[in-house]
Amino acid sequence: MITTENITKSYGNFKALKGISFKVPSNNITVLLGPNGAGKTTTLRILAGYLYPDYGKVEYFGQKYDENLEFKKLIGYIPENNPVYEDLEVTEYLEFVAKSYYLGKKEIKIAVERCALKEVLGKKIGNLSKGYKQRVSLAKAILHNPPILLLDEPTTGLDPNQAYQTRELIKELKKDKTILISTHILSEAEAICDNILIINKGEICASGEKESLIKQYSKNSYVLRFDGDIENKFIEMEGIKEITAKKENGETEFIIEFENDKDMRKDIINFAYEKKLPLIEFYKNKVTLDKIFSKITKERL
Amino acid sequence: MRAENIKTLVSKELKHYLNTPPSYVLASVFLLLCGYFFAQPLFLINQANLNSLTDIAPLILTFFAPALSMKLIAEEKKTQTIEILLTMPFSEEEIIISKFISASLIMITTIFLMFTYSITLYFLAKPDTGHILGSYLSLLFTAVCFLSIGVFASTLSSSQINAFISGFAISFFFYLCGKVTFFLPIYLQEAANYIGIDSHISNMSRGVIDLRDIIYFLSISFIFIYLSINKLKNMRVR
């Protein structure tokens, strides 16, 4: 569990973080979501102990983070842009990391197996593909089996297969770890996270479990598509809040939003049947993370 | 500060040096230049001593030491690997001291290879052993002193070129200070003579090991290492 309280950080006159407070629960993947320049990297750098906050405190499992080197052993961290020592071989790098934490070959072997690095062990990191470099960094981050993982945009620059593999590996790790990932890729966040923190302009705008956040921003809204040019008869239904109609390619689309939270699917189908409307497509309009993100970040503009 | 951490970091830094060709090129150029200045008086005026070498070597070191140390922190900043180091269980003191030690080890090895020059003197004549050992000792102290300046210069920027220029400028100041005393007012001459590296080298290369000279070299190294540690700490506060 990571707890932060009122963290403030400025670079000269620019306030990167304006007193943010949040909690990251254990055995979960929490995604720190925000547009570029929102303060994601600064937040992660402070949590990893690379930068010191101007004000505020960070707690790991109830203990206040200080400059004690022992605290650094709780954290596995991949910085933004995935920096690596390009002139070292994979083995040399992992041996260096293992020695730094007073660990041996056994831990290196486990990390190598988990990150599938066996075939590139003797190669220089600089000669590896982006995907392998990412795996090397992940192996470095998990080698000392830290209870906390902080990953700054871990799949940026990877091809879809590599990104999928990295996400699967991260999902596998969540069983016994507190994981905080920063990203601005919404599909990635949706695919991987249990909890969401949305940050914009140095402030936390929304936080909570993914499902409850989606529920909070969801509307009781349905999409109906009809063949041909159809007149809007749904206005006759009860509890309608808003109807938008769109005619395109010989079809008519209605988005109907109801005031109440009741499931209206049967009512809509019955209504369309009674009115003999040529229904060709019908579904509940689900709120996606990108809609929530866009709504929240635009509200703050 | 843990010795085990320093050992781990020094071993990593040495791998960086040994895995990259520029380190070998740099050491070879240094040995060639010093070899030339060693051989010149030997063949031209039949003098079996290291005077010519100890005169010119500090000037060569004002280039060589910053060139060897310019990448130590600047490269880590540029490639952002400094973020990896500072979030691992190492203190700033351990990081700076390890980098200084590893560069010093490469420098000491290079200077050690120069012993082959003086061995040839023993085949040709009967050189003064005190002078030979003193000369090498003065070279070692000067090199280590300039390396500490190079490490500090490397913390100032993320560009290796800037780090090299700053390192050279500071080292050259110490080199020049002792050489221009006669241009200065009398009340400044003694201070400039002490600050300049010249007087301390000339004592040692004569075979006179004075504690004041050793304290001088160690103090400069200590000051610049201390400044480097502070600079690295300040970077995290920004």
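At what angle do helix 8 and helix 9 of chain B pack, and how far apart are their axes? I looked this up in a predicted model.

**Entry 1: helices 8 and 9, chain B**

I find an angle of about 140° between helix 8 (residues 129-156) and helix 9 (residues 160-177) of chain B. Their axes lie 8 Å apart. The two helices of chain B are therefore oblique to each other. I note a right-handed crossing where helix 8 of chain B passes helix 9 of chain B.

I then listed the contact residues. Helix 8 of chain B brings F146(B), I149(B), G150(B), A153(B), S154(B) and L156(B). They meet A163(B), S166(B), G167(B), I170(B) and S171(B) of helix 9 of chain B. I sort this contact into six nonpolar, five polar and no charged residues.

**Entry 2: helices 3 and 5, chain A**

Next I checked helix 3 (residues 90-100) and helix 5 (residues 130-142) of chain A. Their axes come within 9 Å and cross at roughly 20°. An angle under 35 degrees counts as roughly parallel, so I log helix 3 and helix 5 of chain A that way. This crossing is right-handed.

From helix 3 of chain A, V90(A), Y93(A), L94(A) and V97(A) meet V136(A), A139(A) and K140(A) of helix 5 of chain A. I record six nonpolar residues, no polar and one charged in this contact.

**Entry 3: where the chains touch**

The contact takes 22 residues from chain A and 20 from chain B. On the chain B side, helix 1 (3-19), helix 5 (81-86) and helix 12 (211-237) each give two or more. Helix 1 of chain B gives the most, with five residues.

Key: Residues numbered from 1 in each chain as written. Chains lettered and ligands numbered in written order. Predicted model: local features only at pLDDT ≥ 70, side-chain atom pairs only at ≥ 80, totals over all residues. Axes fitted to C-alpha atoms, helices over the stretch in contact; angles between N-to-C directions. Helix = DSSP H or I, 4+ residues; strand = E, 2+ residues; numbered from the N terminus. Parallel < 35°, antiparallel > 145°, perpendicular 65-115°, else oblique. Left-handed = near helix turned anticlockwise from the far one by under 90°. Contact = placed C-beta atoms within 7 Å. Nonpolar A, V, L, I, M, F, W, Y, C, P; charged D, E, K, R; others polar.
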